Amino acid sequence: MRNSFDVVIIGGGLVGLSLARALSGSGLTQALIEPQPPAPPPTGADWDSRVYALSPGSAAFLEGCGAWQRLPPERIARVERMRVYGDDPGACIEFSAYDAGLRELAFIIENSRLHHALQEAARGQDLRMHCPSGWSTLEFHEDHAAIGLEGGTELAARLVIGADGAESRVRKHAGIAAHASDYRQLGVVANFSCEKSHDDTAFQWFMRDGVLALLPLPGRRVSMVWSVAEERGRRLLALPGAALSAEVEAASGGALGALQVMTPARGFPLKLQRVTQFTRPRLALVGDAAHNVHPLAGQGVNLGFRDARALAKVLGERGPQRDCGDRALLRRYERARREDVLAMQLATDGLQKLFNNDAVLLSRVRNLGLTLVDRLPWLKSFLVHHAVA
């Protein structure tokens, strides 16, 4: 059995699904391959410990995809302010949406609810879903790519899009090299109820042994992302709930009063990953398949959504007779994304190395830098407007 499509997306995560939705009006025929079965709809009052800080630009993109309006408003938290602390008592910088002329800096949303909203939006379009289904063969030819599914079905595509994550099989199969730098850190996540109101503020502490962020959730709740050395991360994961709450409360200086853990802590390894190419003939990479950054800026998924926006724009403007897998066309997408991705990788990697360092001189420089930036409204406004795109 053989099926021909203009575009086959491999990977049904957030970025892959959003790209499928963004291409729905492009006139391109599409199929999507995802090995994991669809997750059941989130139910009940439990909170997902994996959350994302979505920029207003990403929220607008998701609204255009038909997903944002499917999210329950009572599960979305708006970030109106952000306070970032250094590892010296007086070093602090505050960002305000009001001061920047914005309604909000970001939205905090649970992974499970966002993924379900995108799945539901995708069901309403002309998209051939192969889910759950893996693939066993992938061959690139001059005028098409051939994908063999594990069940025996063979698909032909003018363009294959690898949206299958940081360990992308598509990228490896295409011979595109990826260079990873292991931070030897774990990102530990959990949710807490808090004694004091967060006032729609996101808090972040840069410490010599890691970065702690407390992100607002609706009500008196926060979501934690704590990037720490692997050994300490494993200790945090092993703590009982009360002990973990006390540890986070102490590390945050009691900024939100007493904390009580709501969800079991989870951990994931952190690394920086650069790829040599985003595209090759008949192939484009998006999301974590194309780049990986430290979570200290909360920009990983936003980078992925900007990939989807850029690729959908390039393909949508290709012209009626242009082959969507044309190498020159795909290079336009790569050029559009390289600078943004590189800037974010350099910024997050530089900050991680600057603060994860015991050198006395660097300690003075980083904390002085925070204080100086806080006194320069034009620079803060520039940083905010870049982050919300």
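Predicted model: local features only at pLDDT ≥ 70, side-chain atom pairs only at ≥ 80, totals over all residues.

Me: Where does Val15 sit, and is Val15 buried or exposed?

Reply: Val15 belongs to helix 1. Burial is read from relative accessible area, and under 20% means buried. Val15 has 12% relative accessibility, so Val15 counts as buried. As for sequence distance, Val15 and Arg306 are 291 residues apart along the chain, yet 9.1 Å separates their C-alpha atoms.

Me: How do I read the packing of helix 1 and helix 7, and at what angle do their axes cross?

Reply: Look at axis distance and angle together. The axes of helix 1 (residues 14-22) and helix 7 (residues 300-316) come within 9 Å, crossing at roughly 25°. Angles under 35 degrees count as roughly parallel, so helix 1 is roughly parallel to helix 7. Their crossing is right-handed.

Me: Which residues in helix 1 and helix 7 meet?

Reply: On the helix 1 side they are Leu14, Val15, Ser18, Leu19 and Ala22, and these meet Val301, Gly304, Phe305, Ala308, Leu311 and Ala312 in helix 7. By class, this contact of helix 1 with helix 7 has nine nonpolar, two polar and no charged residues.

Me: What is the angle between helix 7 and helix 8?

Reply: Helix 7 packs on helix 8 (residues 327-355) at about 160°, and the axes are 9 Å apart. An angle over 145 degrees counts as roughly antiparallel, so helix 7 is roughly antiparallel to helix 8. The crossing of helix 7 and helix 8 is right-handed.

Me: Which residues in helix 7 and helix 8 meet?

Reply: From helix 7 come Leu303, Arg306, Asp307, Ala310, Leu311, Val314 and Leu315. Their partners in helix 8 are Leu329, Arg332, Tyr333, Arg337, Asp340, Val341 and Met344. The residues of this contact of helix 7 with helix 8 divide into nine nonpolar, no polar and five charged. Leu311 of helix 7 takes part in the contact with helix 1 and in the contact with helix 8.

Me: Now a strand. What does Asn292 touch?

Reply: Asn292 lies in strand 20 (residues 291-292). With residues up to four places away in sequence left out, Asn292 touches Ala166, Lys271, Leu272, Gln273 and Gln345. At 14% relative accessibility, Asn292 counts as buried.

Me: Turning to the backbone, which residues does a cis peptide bond join?

Reply: Read omega. Cys131 and Pro132 are joined by a cis peptide bond, with omega about 0°. Pro132 is in the loop between strand 8 (127-130) and strand 9 (135-140).

Me: What is phi of Arg184, and what is phi of Asp200?

Reply: Arg184 is a residue other than glycine with a positive phi near 55°; Arg184 is in strand 12 (residues 178-194) and is exposed, at a relative accessible area of 60%. Asp200, also not a glycine, has a positive phi of about 55°. Asp200 is in the loop between strand 12 and strand 13 (201-207) and counts as partly exposed at 28% relative accessibility.

Me: How many helices and strands does the protein chain have, and what is its radius of gyration?

Reply: The protein chain has 10 helices and 20 strands. The radius of gyration of the protein chain is 21 Å, which agrees with the value near 21 Å for a compact globule of 389 residues. Of those 389 residues, 52% are buried.

Technical notes. Residues numbered from 1 in each chain as written. Heavy atoms only, no water. Axes fitted to C-alpha atoms, helices over the stretch in contact; angles between N-to-C directions. Helix = DSSP H or I, 4+ residues; strand = E, 2+ residues; numbered from the N terminus. Parallel < 35°, antiparallel > 145°, perpendicular 65-115°, else oblique. Left-handed = near helix turned anticlockwise from the far one by under 90°. Contact = heavy atoms within 4.5 Å. Nonpolar A, V, L, I, M, F, W, Y, C, P; charged D, E, K, R; others polar. Buried < 20%, exposed > 50% of the residue type's maximum accessible area, 1.4 Å probe, protein only. Rg over C-alpha atoms; globule rule 2.2 N^0.38 Å.
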